[in-house]
Amino acid sequence: MALNIIDEKGTPLDQQRFTWRELTPAPISKLDDDAFTRVRVILMNGIEQEAVRFQHACARMNKELQGPLARVRRVDHHQQTLVNWLLSPDETPLEVTVAYEQVAIEVTAAVAQQEPDDYLAQVYRFGMLEDFDHLYRYSALLDRVEGKDANNITQSYTDITPGRPTEVEHRDPMDDLRHHYDRDTAAAITKLNALTIMAAEHQTRDYYMNVGPIFADPVARQLYAEIASIEEQHVTQYESIIDPGESWLEKWLLHEATEAYCYYSCMQQEDNPRIKAIWERMLDYELGQLHFVMDIYKDVEKRDPADMLPREIPEPIAFKSHREFVRRVLSQEVGLTARGADFVQSQDIAPDEASPQYREYYNRDGSPSSIVADGYIWQPGTELAERRAVH
Amino acid sequence: MTRPTDTGTNRTGLDTAPVQAREILQTVPEQHSEAVPGEQLEMARIRQSYMQDAEVIGTVPPPASMKGAATTAKEMLKGNKPSVFIDKLGERLAFERSGVRLYDAVLTKFDTVGSWDGGPSREELNHIRDEELAHFKMVTDAMERLGADPTSMTPSADLAAVESAGVMQAITDPRTSLPEALHALLIAERADVDGWSMLIDLAENAGQTGLADDFRKAHQREEEHARKVKNWVAGAISGDMARQLSGEQEQRSPRSS
């Protein structure tokens, strides 16, 4: 039975707290847990990070909301801690990077298929093909620098082949802005989808900016610099699809609903019982926070928040391999690029337009993503292994 | 309780996900050329261009007193550049100091999970820990006598810590067993033996025969550490193997009878 987020009150905000021990649980196993458990951990870290980021921005613009925001945000911060600390210390930053790209591919693919707005579904497919290429480039780096097989992380769920080449993903900033949904007419799931993917991409941008400089290898440092730039473009793209006419409180409410929706999706599909219990607890916390914000919304905006929220939570995000969908999109849309908010075939863009000019300069000394994957073909056991027959 | 050598649900390879594996193997072309050796890849040229422009990681700090340094260099180091010796003394100092912390972490693990037949005793581990501490103090004294600053981090000290960063990660991970922690420690102990050996040569070349004698004693102790740790690790592995084989025999017996 689907979850009714209006009736389910969750854990009251004043009962939401943790000990330091609870915030630092035993990590998941890099070797034994399912790759989608790690996908969920990374996604939810991004969702919580976005919750904190949004609430800080909101507090800086709304004096009267600073108190309630501080209370909810403190819990979100600790939820993020608990979730992010589930990542295990035997994963190198590059292995975690591979997992981040798996999140970007499989979660965006899921969202692209459930998105009812055709234009926005196209936006997601467009971004997904770029992240798909990043997985291939980072896998080449992992193989050629650390001597490791990226598929040990992705567990055969996700293909490791070129997508839209990263080298041509670099665009003029104005070509990364998109049309936004209309807050009055968009489906609730459209709003949740947009916040989910924006959050995931924003944490990816921040992660690459943090770990890029810890690499000694110049090629790795260059690759992180290049792909972090695309992630910045993706954040630009995904935040622009959200209606800027939403009030601060409306946005806060939608953030809370997104958190609840995502934890619900995690809880429904988690096969590790210890982690499932964490998702369940976090969902109860989010429902409590949602109702806390609903009360504020009623008081301040004098409107019924239920009008903006789905009564029953939508179908969960499908945490599974979307291989066939990704392959189809790859075969049909790899040649797309953007002119302003519209998608066009790359051959229809003239060399003197803004994005080719932008790219021409940035790639002048070579594109690290092309150099690192030069001639790279993923195969099990790294490119140094003997080829393995399909059986 | 599950041991790390037990068979479990490891999902990293192709064989644990045959359906997905068949799918992903479709992306591997039947014919493609062998991997190009790394140094021939385009990325090697990027590395080379950075190497050509690179500056050093850092430098050896000057002695506290330049006057004292000149005297030190002249009287104690017989024309050798003192900074080479100081750099490597700094490396040993830092390595021994970190070594104490490695053994502290191993002792915590020991106190939690205990040892095994033929494994280390607490006294043995603690004894080695104290010897690492004594070596740290010996090098500190040596640096002070040479007019060098034992509180500084020299380039070799910095790099040695980068080299052994994974050792501390492996030992402090609550999920690793005592044999796994000792396996990580073996890397540090083996490197330490060679570090002392090279330091003895440097001390002799610098005319520091007294120091060279001290370092020789430390080198002998470190060889003993490495030998002990290696034996503990080897014993643990063969013990696991023997246990599995006897377990398998026990499992087989009822069926064969």
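User: What makes the residues of the lining of the largest cavity divide into five nonpolar, one polar and three charged?

Analyst: In this predicted model, the lining consists of Phe95(B), Gly99(B), Leu102(B), Tyr103(B), Glu132(B), Leu185(B), Ala188(B), Glu189(B) and Asp192(B). Phe, Leu, Tyr and Ala count as nonpolar, Glu and Asp as charged, and Gly as polar. The lining therefore divides into five nonpolar, one polar and three charged residues. The volume of this cavity is about 60 Å³.

User: Which elements of chain B each supply at least two residues of that lining?

Analyst: They are α4 (82–113) and α8 (178–205).

User: What makes Glu50(A) a lining residue of the second largest cavity?

Analyst: A lining residue has an atom within 4 Å of a cavity point. Glu50(A) is listed in this lining, along with Ile47(A), Ala51(A), Leu195(A), Ala199(A), His255(A), Thr258(A) and Glu259(A). Two or more residues come from each of α2 (35–61), α8 (188–211) and α10 (248–269) of chain A. This cavity holds about 50 Å³ of space.

User: Why is Cys262(A) called buried?

Analyst: Its relative accessibility is 0%. Buried means under 20%, so Cys262(A) counts as buried. Cys266(A), also at 0%, counts as buried too.

How values were computed:
Residues numbered from 1 in each chain as written. Chains lettered and ligands numbered in written order. Predicted model: local features only at pLDDT ≥ 70, side-chain atom pairs only at ≥ 80, totals over all residues. Heavy atoms only, no water. Buried < 20%, exposed > 50% of the residue type's maximum accessible area, 1.4 Å probe, protein only. 1 Å grid on protein atoms, 1.4 Å probe; cavity = no way out; pocket = protein on both sides within 12 Å on 5 of 7 lines; lining within 4 Å. Points joined across faces, edges and corners; volume = space filled by probe spheres on them. Helix = DSSP H or I, 4+ residues; strand = E, 2+ residues; numbered from the N terminus.
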